[in-house]
Amino acid sequence: MKAVGFTEFGGPEVLQVLELPAPEAGPGEVRIRVHAATVNAVDALQRSGPARSPDAQPPFVPGMDAAGVVDQIGAGTDTDLTVGDRVMAIVLPHASHGAHAEQVVVPAESVVRAPDGASDAQAASLPMNGLAARLALDTLGLKPGQTVAITGAAGAVGGYAVQLAKADGLRVVADAAEQDETLVKELGADVVLRRGAEYPDRVRAEVPEGVDGLLDGASLDALTARAVRDGGRVVTLRGYDGPGERGIVFEPVVVFRYAGEHAKLDRLRQQVEEGRLTLRVARTFPLEQAAEAHRLLAAGGVRGRLVLTF
């Protein structure tokens with residue numbers, strides 16, 4: 001099978017089309033013939049060479065979410081899927097086991113049917129970022145009627161977070177650059193304030209007592225505490241867990257925790273079908289142009305997902 005990966009760390013230029021053995025689904029697993037797989041910041045981090053487990057050997061194939069069709073089900077696997085079903089999945093990459101390949105094997109709990117009416121590219125855009133947003137909101141633990149602030153609201157995780165928070169009955173105070181204000185309003189934010197280092201102060205002007213919780217998708221880190229009420233909570237997506245003040249707790253989350261949350265992934269599918277979640281694809285690329293997708297991602301300002309097609 002063909003895959004996109006690398007044998008040495010570096011910039012986008014290290015990406016290449018590889019020929020690898022097709023994986024086989026074992027007990028509890030499903031194999032997907034991949035039609036679309038997203039490119040995201042985690043892929044770029046893996047490509048540039050973060051720490052890996054000592055037993056991981058090249059070639060390395062990135063990619064954390066995919067869509068396509070079931071083409072093999074492992075013996076004894078408990079699933080209601082059948083061969084030929086259109087599906088989407090979250091994939092935890094390990095060496096040559098990543099979503100940027102024509103075939104990928106995943107645990108059955110990490111794959112669900114694709115939303116009705118969604119293209120493969122659209123379906124691939126949901127699992128990782130949708131589950132990250134779901135995990136962040138679950139960690140905040142807010143109740144209907146409470147107020148959440150969201151930074152990075154025009155981004156992939158932030159956009160889903162705005163829509164999921166509204167579906168949860170929360171009041172949303174989101175950030176946006178001037179050119180993204182209309183987008184973030186259309187996603188459902190109740191209040192949209194200019195993004196940047198002064199965003200927490202703008203939140204306090206809008207919500208004098210402070211918001212009940214904050215999802216930090218823009219890595220404002222310690223600055224976010226200014227926007228949060230005493231005893232509130234901040235969920236961070238990029239590892240920040242500095243000391244709080246006024247009883248505020250910072251809690252980093254990692255989407256790997258929800259990779260096996262089948263019911264939550266399937267609920268995201270349902271929310272797409274109900275019109276509560278909007279699938280945004282910025283651009284698609286054939287697998288041979290993976291390096292160009294990585295360069296575009298690095299340039300910033302992408303609204304929606306970049307997707308490789310197989």
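Guide: We may begin with burial: Asn129 counts as buried because its relative accessibility is 6%, where buried means under 20% relative accessible area, exposed over 50% and partly exposed in between, with a 1.4 Å probe and protein chains only. The model is predicted, so local features need pLDDT of at least 70 and side-chain atom pairs count only at pLDDT 80 or more, whereas totals for chains, interfaces and linings use all residues. Residues are numbered from 1 along each chain as its sequence is written, and side-chain values use heavy atoms, with hydrogens and water left out.

Visitor: Where is Asn129 placed, and with which residues is Asn129 in contact?

Guide: Asn129 belongs to helix 3; helices (H or I, at least four residues) and strands (E, at least two) are DSSP runs numbered from the N terminus. Contact means heavy atoms within 4.5 Å. Beyond its neighbours within four places in sequence, Asn129 touches Asp65, Ala156, Val157, Tyr160 and Arg305.

Visitor: How much space lies in the largest pocket, and which residues are closest to its centre?

Guide: On a 1 Å grid over the protein atoms alone, a pocket is an open set of points with protein on both sides within 12 Å along at least five of seven lines, a cavity is a set where a 1.4 Å probe fits but cannot get out, and lining residues have an atom within 4 Å of a point. Points are joined across faces, edges and corners, and a volume is the space filled by probe spheres set on them. Here the largest pocket holds about 1,200 Å³. Its lining has 41 residues, and Ala41, Asn129, Val157, Gly217 and Arg238 are the closest to the centre. Elements that give two or more residues to this lining include helix 1 (41–48), helix 3 (127–140) and helix 4 (156–167). By class the lining has 25 nonpolar, 10 polar and six charged residues; Ala, Val, Leu, Ile, Met, Phe, Trp, Tyr, Cys and Pro count as nonpolar, Asp, Glu, Lys and Arg as charged, and the others, Gly among them, as polar.

Visitor: How many cavities of 30 Å³ or more does a search of the whole structure find?

Guide: The search finds one. The largest cavity has a volume of about 50 Å³, and its lining consists of Ser125, Ala156, Tyr160, Thr278, Arg280, Gly304 and Arg305. Two of these lining residues are nonpolar, three polar and two charged.

Visitor: Which residues of helix 1 are buried, and what covers them?

Guide: An α-helix has 3.6 residues a turn, so residues three or four places apart point the same way. In helix 1 the buried residues are Asp43, Ala44, Gln46 and Arg47. They lie on the same side of helix 1 because their arc around the axis is only 160°, taken from the directions from the helix axis to the C-beta atoms. Their cover includes strand 3 (29–39) and helix 8.
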